[in-house]
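Please work through the exercises below with the sequence and the structure side by side, trying each task before reading its solution.

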Amino acid sequence: MRKYLFILLAAAALCLQGCSSDSNKPIKCHVSGTVTGADGDALIIPFGQGSSDAIATLRVVDGVFDGSFKGIENLAYQLVIWDKANNQGIFTYFFPDKGGVKFTCDGSASNPIEYTATGSVNKSFLKEKDEENASFAARWAALDEKGAEMETTKTFLSEKTYEIMAELQDKDIKLERRNALLEQIGAMEKDITLFSDNAKVWLKEQDSLLKEQQEFRRNWIISNPDVASLFLLYTEINSQKQDGQDTSELENAYRTIFADKFPHHIYHSAISRLID
């Protein structure tokens, strides 16, 4: 099934020490939230780093947390809450805001954390998310439902694949035969004969929708050259490069629009290292 793409990126790309004037102003930010059914900690983590690098740990009591942290203005942070039921973290990105940031979540990894804030960077970041969700959330949900139905009815994979999988379930299967079947599965995955005809259509629809969503983000970034878009530009270039995609249009936007506008921002130097 589709894995939603707001990605945890390598910490090596971002060093929060020695930032220049676009992104080194300290800011104290009040954060509060309601997380239905949650019990544990809410972590504030600099973008691109892990839970061990949390700069604030706020105790969630009866689904509520409240506190403050000292961050850097115009840099993104993650709020991470642990979903015990599904044994995974739920997270969202946000920017420190003098007016504070208020979060809401139903405590389930299947639904995103939402937040409100009054600062211009957060407003721009949230506007992009809202417009993107309005255009794509329902369409992704419909695709996911379609894929789940094929998995439930065992029509997602080809008949041959299901036959191989059934044979692999045999506890008495010989090692040599097992290895041969696994090799066959690998070959079928490469030439997509692993999947049923309906699943092949579904995969193409998924790929098409993802490209459309990436185009939406690219157009938004180019049309709204602010700090929030600079952050989105970095995440898009990084994730698409990791997937082996062509990032020339995004790189051109960086060079012609953002490089001179934010010459000292940490995301400027991070993008420069990615593409040079």
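**Exercise 1.** How are helix 4 and helix 6 oriented to each other: roughly parallel or roughly antiparallel?

*Solution.* The model is a predicted one, and the first step is to find helix 4 at residues 197–223 and helix 6 at residues 248–261. The axes of these two helices come within 10 Å and cross at roughly 5°. Angles under 35 degrees count as roughly parallel, and helix 4 and helix 6 are therefore roughly parallel to each other. Next, look at the residues that make the contact: helix 4 contributes R218, I221 and I222, while helix 6 contributes E249, L250, A253, I257 and F258. Sorted by class, the contact of helix 4 with helix 6 has 6 nonpolar and 2 charged residues, and no polar ones.

**Exercise 2.** Which residues of the largest nonpolar core touch the most other members?

*Solution.* This core has 49 residues, and V31, F65, L79, F94 and F103 are the ones that touch the most other members. Helix 5, residues 227–242, gives the most to the core, with 8 residues. A second, separate core of 16 residues includes I173, L181, A199 and L209.

Technical notes. Residues are numbered from 1 along each chain as its sequence is written. This is a predicted model: local features need pLDDT of at least 70, side-chain atom pairs count only at pLDDT 80 or more; totals for chains, interfaces and linings use all residues. Side-chain values use heavy atoms; hydrogens and water are left out. Axes are lines fitted to C-alpha atoms, for helices over the stretch in contact, and angles run from 0 to 180 degrees between N-to-C directions. Helices (H or I, at least four residues) and strands (E, at least two) are DSSP runs, numbered from the N terminus. Angles under 35 degrees count as roughly parallel, over 145 as roughly antiparallel, 65 to 115 as roughly perpendicular and the rest as oblique. Contact means heavy atoms within 4.5 Å. Ala, Val, Leu, Ile, Met, Phe, Trp, Tyr, Cys and Pro count as nonpolar, Asp, Glu, Lys and Arg as charged, and the others, Gly among them, as polar. A nonpolar core is a set of buried Ala, Val, Leu, Ile, Met, Phe, Trp, Tyr and Cys residues joined through side-chain atoms within 4.5 Å. Buried means under 20% relative accessible area, exposed over 50%, partly exposed in between (1.4 Å probe, protein chains only).
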